Amino acid sequence: MQNTQLYVQEHKDRFIQELLELLKIPSISADSAYKKDVIQTAGEIKKSLQNAGCDHVEICETPGYPIVYGEKMIDANLPTVLVYGHYDVQPPDPIDLWDSPPFEPVIKKTELHPEGAIFARGSCDDKGQMFMHVKAMELMTKTDQLPCNVKFMIEGEEEVGSNSLSWFVERNQEKLSNDVILISDTGMIAKDVPSITTGLRGLSYVEVEVTGPNRDLHSGLYGGAVANPINILTKMIASLHDEDNHITIPGFYDKVENLSKEERAEMAKAPFSLDAYKKSLDINAVYGEEGYTTNERNSIRPTLDVNGIWGGYTGEGAKTVIASKAYAKISMRLVPNQDWKEITELFKNHFESIAPEAVTVKVTPHHGGQGYVTPIDSIGYQAASKAYEDTFGKTPIPQRSGGSIPIVALFEKELKSKTILMGFGLDSDAIHSPNEHFGVWNYLKGIETIPLFYKYFTELSTKS
């Protein structure tokens with residue numbers, strides 16, 4: 001522990017600077033204009049793993065963006081930890097809402113981060129958190145503290161559905177064989193309240209297109225006589241929730257896991273201030289499904305949200321037009337037992353059925369994934385808990401997350417491994433939003449904590 005803290009203290013400036021350099025590369029997987037940048041980032045990750053002490057590192061080609069694989073195998077009789085992360089980032093739009101350019105990282109002090117926070121796209125999700133593992137690996141190899149075997153699998157398509165990762169995992173099960181999978185792509189409750197994510201919601205993401213007349217029409221000559229696709233689309237979307245904010249798609253809740261009163265009571269023990277929550281978002285009231293608390297709504301209940309909607313004229317000034325088409329992107333966060341493909345089909349059938357004859361509707365599925373729950377009595381969870389206890393001085397709280405990492409369920413299916421989610425980000429880090437940031441303290445604390453997971457996982461594994 002003392003050697004670990006000393007190494008982090010001695011090298012913290014370099015650790016920070018190396019992350020800043022990585023954050024300068026706009027590795028936006030959703031936009032093909034940044035293809036070279038995404039591939040360049042993979043190359044930088046390869047160099048970092050080599051410098052961190054991996055004996056073998058390679059860039060593995062896939063049907064999409066490459067996967068960076070690295071390993072250090074010290075003894076076949078010791079357990080193997082597989083680290084997963086991603087090097088791609090979300091698009092930074094809207095650019096004008098950033099206080100500083102998204103790919104020109106800066107460190108600024110904030111009320112929550114008096115020691116400074118790194119502001120840049122990808123700083124928390126997931127370059128910063130992924131890079132903690134690379135630096136933790138360096139620390140363990142340089143100080144001769146690596147207690148077991150390590151494999152890294154860092155992908156470049158997480159923000160667009162991880163299609164190539166599925167392809168890669170299915171074809172490389174022996175290469176990826178492990179005893180536990182370690183991921184830092186989640187968060188914790190607060191800087192002084194560590195937590196371990198034990199559940200993730202699944203995801204179904206679709207795009208809908210509503211078509212009316214065969215061309216844009218003059219709203220004076222045709223208004224009131226021809227269906228307006230934008231009007232129709234907004235009515236259809238509004239009908240997807242009832243007055244209690246319950247989703248109205250038939251069969252949507254059939255397989256939803258309903259937690260017991262006891263489980264909900266345990267969740268309620270996590271520190272939470274509704275007033276602080278509203279203040280941080282600058283809202284007057286929370287909003288959601290009746291009968292559930294805010295923390296339940298965003299973790300153990302399924303949701304349906306419009307992520308984007310457009311059509312017609314949106315430029316400066318006025319243009320009196322009835323658009324030929326209207327579009328929306330819709331995501332559904334799912335809970336354990338809900339199958340994302342089944343939910344996608346339920347949505348498609350329902351959305352098409354509620355369309356009036358005056359328009360046609362097209363539903364295009366994009367991507368999705370299953371929800372996931374990890375047991376808190378596993379060796380991996382116990383090792384993570386002990387690691388947090390050492391560095392934070394308190395036992396972490398098990399917490400279900402509202403986010404989705406679809407590949408976690410894939411890992412369990414294909415690799416037969418449990419995943420431990422050791423996140424060091426905070427809800428206030430603005431991931432996927434303008435001014436995304438990651439506290440310097442959180443970044444360094446992660447580098448300090450991760451090696452202890454390896455230590456305790458190895459000890460617990462060899463005892464069992």
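Which residue in β18 is the bridge partner of A117? The partner is G439, as the first view of this predicted model shows.

**Figure 1. Strands β5 and β18 are joined by bridges.** Strand β5 covers residues 117-119. Three bridges link β5 to β18, and the two strands run antiparallel. One of the pairs consists of A117 and G439, the latter in β18.

**Figure 2. Three strands make up an open sheet.** The order of the strands is β4-β5-β18, with antiparallel pairing. The edges are formed by β4 (106-108) and β18 (437-439), each of which pairs on one side only. From one strand to the next, the twist averages 30°. Strands of a sheet pair through backbone hydrogen bonds, and the pairing can be parallel or antiparallel.

**Figure 3. Helices α1 and α13 are shown with the sheet of β4, β5 and β18.** Helix α1, residues 2-23, packs on the sheet and touches β4 and β5. The direction of α1 makes about 20° with that of β5. Helix α13, residues 440-463, lies across β4, β5 and β18. Relative to β18, helix α13 runs at about 60°.

**Figure 4. T141 is a residue of helix α3.** This helix spans residues 127-142. Is T141 buried, partly exposed or exposed? T141 counts as partly exposed because its relative accessibility is 23%, and the partly exposed class lies between under 20% (buried) and over 50% (exposed). The side chain of T141 reaches the backbone oxygen of E138 at 3.0 Å. If neighbours within four places in sequence are left aside, T141 is in contact with A52, G53, K72 and L146. K72 is 69 residues from T141 along the chain, and the C-alpha atoms of the two are separated by 9.6 Å.

**Figure 5. Four strands make up another open sheet.** Here the order is β11-β13-β9-β14, and the pairing is antiparallel. Strands β11 (303-311) and β14 (360-369) are the edge strands, each pairing on one side only. With direction ignored, neighbouring strands of this sheet are turned by 15° against each other on average. How many bridges join β9 to β13? There are 10 between β9 (residues 202-211) and β13 (residues 325-334), which run antiparallel. V206 stands opposite I330 in β13.

Key: Residues are numbered from 1 along each chain as its sequence is written. This is a predicted model: local features need pLDDT of at least 70, side-chain atom pairs count only at pLDDT 80 or more; totals for chains, interfaces and linings use all residues. Side-chain values use heavy atoms; hydrogens and water are left out. Two strands pair if DSSP finds at least two bridges between them. Axes are lines fitted to C-alpha atoms, for helices over the stretch in contact, and angles run from 0 to 180 degrees between N-to-C directions. Contact means heavy atoms within 4.5 Å. Buried means under 20% relative accessible area, exposed over 50%, partly exposed in between (1.4 Å probe, protein chains only). A polar contact is a pair of N or O atoms within 3.5 Å; within protein, one must be able to donate a hydrogen and the other to accept it, and residues adjacent in sequence count only if both atoms are side-chain atoms.
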